[in-house]
Amino acid sequence: MPNRVAIVGISAFPFRVRHPNYTYYRMAYETTKKVLEDANLTIHDIDSAIYGIYNDFFERQFMPDIIVHDYIGMILKPGTRVTTGGATGGYAIRTAYMEVASGLSDVVLCLGVEKSNDCWDPVTKARTPELVKAISYSADCEFVRPLGSFPAASYVLPVRAHIEEFGNPSEESMARVSVKNHGNAVGNPYAQSPMKLTIEDVLKSRYISEPFKKLDCCLYSEGAAAMILASEKKAKEICKNSGKEPIWITGVGAGNDSNFGGLRQKLWSLTSNVYASRQCFKMAGITNPIKELDVAELHDAFTGQEILSYEDCGFAKHGEGYKLIDEGIVEEGGELPVNLSGGLIGCGHAVGATGIYQGTEIVRQLRGEAIRQVPDAIKGFLHSVGGPVTAYCVCIVMERS
Amino acid sequence: MADRANEEHEEFLEYYDEMTIHYLYSVGELTKFFKEIRDNGKLFGTRCTKCGFGYFPPRLNCHKCYVPCEWVELSGKGEVIAGTICRFGVSNFTDKLPITIAFIKMDEMDMAIRHTILMSEDECKLENLKRGTRVKVQFKPKEQREGRITDFYFVLDK
Ligand SMILES: [Zn+2]
């Protein structure tokens, strides 16, 4: 059994379309400063760092982690970068967890940062087409990238397969997820896209990759997020000084599916999500997630993906995920609120920071400090997904004692 | 509907830059696949010599059995597993929209390939991209072929 590990500090740097007055390393610095304050520590107390930074093209820099490592004052200590697409944040937390659970380090900084919107296409004079071109180099460069792949087209295909298999989710159900997540972001100072929308607003927005419309998709962001993870003994010491409650990581699961989505026999199921969530729940001793969890942050890069995740994380039977949104089960005040932070759709997607930011929301919920607080939340769930057709998946259960 | 795209910022400078690396790369064991496309307008998949699984895109080793695969010529016909119509694109594709992308399973193979279906303006609807829709391969004229995945595309097989 791994040693017990707690999260003893959290922070975030607001997710915005652009932070033109900040370099990525200064965003990382500001976020580190805040996470140290939250844990009442100094940088000298940190044994090692794990960095979540996804795309070298975004930062216009290979090995951006060593620049961050220097800038935040971690010189001559170990540092490791994780880059696993949209799941970079989740995998960074898992890697930091491993380092503490193994006993190798006592106090580890887990820091995610991304500066996505420096990319710019001189032809269309727009940023997003060039940004998705930078991402397209993550698709197989022999067989997939030359055809003009981009994330919405990649992630809509399992949703299309699900619609063919089960006749749902409908565009209305997907629109409800958009209304929920944009709405949950209202009041969240870290969120890029807080909006009070109606289902009609979503249905009227233009098609991006059918049936996904503009308001079914998250936007790319610049931002950062951090956590400090500590061993049981250290966590108790740190939390005694900081006055914060330690939040324990009690379940971790991960699994990567085929790079070629076409190799999957059931395209309508995100099988990496099934594998990672089951492994995570087994470790945490959870048998009925929708009953036992109090709050969840799912990787909602796209509305339809959130609905498929309800099923693949075991919250609903296959073909019945849409009922969770249609019946309000995942809304604020429902049986299992999902993405009370706003998720990616409401907060934006600062890729390497996203999973860590969603983790900080779960920690806030369990500490009782969240903006949309679930009363007396004890167990929370984080789901972090990325890669071609949702290939990467990490799931984490967090608990307060 | 105020998102935060128009927040004000202090003065900042911006510079143009690009990251370019040139390659003369080898396609290795895929040489036969790309040569058949370019020179003969033929599609080849591979089949595991032990379990018989058909790989397309081809791979020369079965990842389940850890034995070699053999080349299999394909008829060029297959069916849609799932498809979408893209009305937004990567920067060097914005002039080619809409693009229809689908997972297509070739008849002789056991997995699907993600590729493009060329549709007329009339055809370009999700209802014409249902699961099981029959498609066939079409090659570009020989003089335009470069031995790349873009040398061919699919059309509806009516
Ligand atoms: Zn085999």
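This is a predicted model: local features need pLDDT of at least 70, side-chain atom pairs count only at pLDDT 80 or more; totals for chains, interfaces and linings use all residues.
A:K125 sits in the loop that runs between β4 (107-115) and α5 of chain A. Its backbone is worth a look too: phi is near 55°, a positive value in a residue other than glycine.

A:N339 also has a positive phi, about 60°, and it is not a glycine either. This residue belongs to the loop between α13 (322-326) and α14 (343-347) of chain A. Here the relative accessibility is 0%, so A:N339 counts as buried.

Chain A also has some cis peptide bonds to point out. One of them links A:N168 to A:P169, with omega near 5°. A:P169 lies in the loop between α6 and α7 (171-184) of chain A. Another cis bond goes from A:E210 to A:P211, and omega is again near 5°. The loop that holds A:P211 is the one between β5 (207-209) and β6 (212-213) of chain A.

Next comes a pocket. By residue type, the lining of the second largest pocket splits into 16 nonpolar, five polar and four charged.

Turning to chain B, the secondary structure consists of one helix and eight strands. Read from the N terminus, the order is α-β-β-β-β-β-β-β-β. The C-alpha trace of chain B spans about 65 × 40 × 35 Å along its principal axes. The radius of gyration of chain B is 20 Å, whereas a compact globule of 158 residues would have one near 15 Å. As for burial, 43% of the 158 residues of chain B count as buried.

One of the strands of chain B, β4 (residues 77-86), contains B:A82. With a relative accessible area of 0%, B:A82 is buried. B:A82 and B:R114 are 32 residues apart in sequence, and their C-alpha atoms are 9.5 Å apart in space.

Chain B also holds the zinc ion. Four cysteines coordinate the metal through their SG atoms, namely B:C48, B:C51, B:C62 and B:C65, at 2.3 to 2.4 Å. Along the chain, these donors follow the spacing C-x2-C-x10-C-x2-C. Why does the arrangement around the zinc ion count as tetrahedral? The four donor atoms subtend angles of 102 to 117°, and the label applies because all angles then lie between 85 and 135 degrees.

Are B:C51 and B:C62 buried or exposed? B:C51 counts as partly exposed, because its relative accessibility is 42%. B:C62, on the other hand, is buried, with a relative accessible area of 1%.

Conventions: Residues are numbered from 1 along each chain as its sequence is written. Chains are lettered from A and ligands numbered from 1 in the order in which they are written. Side-chain values use heavy atoms; hydrogens and water are left out. Donors are N, O and S atoms within 2.8 Å of the metal (3.2 Å for Na, K and Ca); water is not among the atoms, so sites may look incomplete. Four donors count as tetrahedral if all angles lie between 85 and 135 degrees; four count as square planar and six as octahedral if opposite donors are over 155 degrees apart and all others between 65 and 115; anything else is irregular. Buried means under 20% relative accessible area, exposed over 50%, partly exposed in between (1.4 Å probe, protein chains only). Ala, Val, Leu, Ile, Met, Phe, Trp, Tyr, Cys and Pro count as nonpolar, Asp, Glu, Lys and Arg as charged, and the others, Gly among them, as polar. Helices (H or I, at least four residues) and strands (E, at least two) are DSSP runs, numbered from the N terminus. The radius of gyration is taken over C-alpha atoms; the globule rule is 2.2 Å times the number of residues to the power 0.38.
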